[in-house]
Amino acid sequence: MVRALYTAWTGLRNEEKRMDVVTNNMANADTTGYKKIEVTSESFASHLAVKINDEEIGPDRMQGIGGLNPGVKIGETYFDMSQGNFRQTEDQYNFALSGTGFFTISMTDKSGTEHIRYTRDGDFTVTKEGYLVTKDGDFVLGEGGNRIQIPGANIVDINVNEMGDIYVGDQYISTFQLTDFESYEFLSSYGENMYEAVDGAVMIDADASVAQGYLEMSNVNMVTEMVDMIAITRAYETNQKMIQTIDDVLNKAANDIGKV
């Protein structure tokens, strides 16, 4: 009976974690380049139940009587990297990627250490020195891992082709350093729509094409998330009712039957 309480509790905790994922997706439904997070559930490893010191099998001997499963837990959490819809902005410093791959971003922390991170958010701007940066001021990298600097960026028009080549008139400036990975399992999220590679990540050439004057929106489907939220809420309530039922049975066993 106590084990049943624990099993129901694992169900509550599992649904709480699933709800956290869904609400995070919904909160970022309007975040440029955001990729929704998916989560799976799995059971804890089953344990073999045995009888010991049973008179029928003899002292110091055990007999298997079946398996016991202590409940459910969050299994795998992963990114859904499917393509988001494009929104036209006509801003020459807005870019969207069609296909797989990421823009490469250089970020410097308070200690002066540079970190390389990756994003699908192409909502860029330029500094007064002409450097192409994110809205947070982090540098967008071009070929060779160099910062992209556009001469006279505040007064000239730039043109970017599908390959990511950047031109001012006929003058070639740089090419976006687009990066992809063999497996997205080795990416961890940083902030709302950036990622960083962890141990085991293997870089490969990106096959994405660049669209100037567009932004890739979040791939979150609000209807799907709302349906998932309702299902999670009902599952949570079911586990609550199970705990209440078990508690009532234990109360009767202790206070009514126990008095006999």
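**Strands, rings and cores**

Mentor: Isoleucine 166 stands opposite serine 174 in strand E14. The model is a predicted one, where local features need pLDDT of at least 70 and side-chain atom pairs pLDDT 80 or more, while totals for chains, interfaces and linings use all residues. Residues are numbered from 1 along each chain as its sequence is written, and side-chain values use heavy atoms, leaving out hydrogens and water.

Trainee: What makes E13 and E14 a pair of strands?

Mentor: Strands are DSSP runs of at least two residues labelled E, helices are runs of at least four labelled H or I, and both are numbered from the N terminus. Two strands pair if DSSP finds at least two bridges between them. E13 and E14 (residues 171-175) have four bridges, in the antiparallel sense, so they pass the cut-off. Aspartate 165 also stands opposite a residue of E14, namely threonine 175. Two residues lie between the strands of this hairpin, where glycine 169 takes a positive phi near 65°.

Trainee: What holds the strands of a sheet together, in general?

Mentor: Strands of a sheet pair through backbone hydrogen bonds, in either the parallel or the antiparallel way.

Trainee: Which strands form the open sheet, and in what order?

Mentor: Three strands form it, in the order E12-E13-E14, with antiparallel pairing. Strand E12 (159-160) and E14 stand at the edges; each has a single partner strand, so one side of each lacks a neighbour in the sheet.

Trainee: How many helices and strands does the whole chain have?

Mentor: The protein chain has two helices and 20 strands.

Trainee: Why is the pair of phenylalanine 95 and phenylalanine 124 called tilted?

Mentor: The structure holds 13 aromatic pairs. In this one the ring centres are 6.1 Å apart and the planes stand at 40°. Rings of Phe, Tyr and Trp (its six-membered ring) pair if their centres lie within 6.5 Å; planes under 30 degrees apart count as stacked, over 60 as edge-to-face, and the rest as tilted. Phenylalanine 95 is in strand E6 (residues 95-98) and phenylalanine 124 in strand E9 (residues 124-126), so the pair ties together parts 29 residues apart in sequence.

Trainee: Why is the pair of phenylalanine 102 and tyrosine 184 edge-to-face?

Mentor: Their ring centres are 5.9 Å apart and their planes are at 90°, so the pair is edge-to-face. Phenylalanine 102 lies in strand E7 (residues 102-108), and tyrosine 184 in the loop between strand E15 (178-181) and strand E16 (187-190), so the pair links parts 82 residues apart in sequence. Both rings belong to one aromatic cluster, together with Phe79, Tyr118, Phe181 and Tyr195.

Trainee: How do you know whether phenylalanine 102 is buried or exposed, and tyrosine 184?

Mentor: Buried means under 20% relative accessible area, exposed over 50%, and partly exposed in between, with a 1.4 Å probe and protein chains only. Phenylalanine 102 has 1%, so it counts as buried. Tyrosine 184 has 23%, so it counts as partly exposed.

Trainee: What about tyrosine 93 and threonine 134?

Mentor: Tyrosine 93, in the loop between strand E5 (86-88) and E6, has 8% and is therefore buried. Threonine 134, in strand E10 (residues 132-134), also counts as buried, at 8%.

Trainee: What makes arginine 117 a charge over the ring of tyrosine 190?

Mentor: A charge sits over a ring if NZ of Lys or CZ of Arg is within 6 Å of the ring centre and within 35 degrees of the ring normal. Arginine 117 lies over the face of tyrosine 190, at 3.7 Å from the ring centre, so the distance meets the limit. The charged end of arginine 147 sits over the ring of phenylalanine 139, 3.8 Å from its centre.

Trainee: Which residues touch the most other members in the largest nonpolar core?

Mentor: A nonpolar core is a set of buried Ala, Val, Leu, Ile, Met, Phe, Trp, Tyr and Cys residues joined through side-chain atoms within 4.5 Å. Of its 22 residues, Phe95, Phe103, Phe124, Leu132, Ile150, Ile158 and Phe176 touch the most other members. E6, E7, E9 and E13 (165-168) each supply at least two residues. E7 gives the most, with three.

Trainee: What is phenylalanine 124 in contact with?

Mentor: Contact means heavy atoms within 4.5 Å. Leaving aside neighbours within four places in sequence, the contacts of phenylalanine 124 include Tyr93, Phe95, Phe103, Leu132, Thr134 and Phe176.
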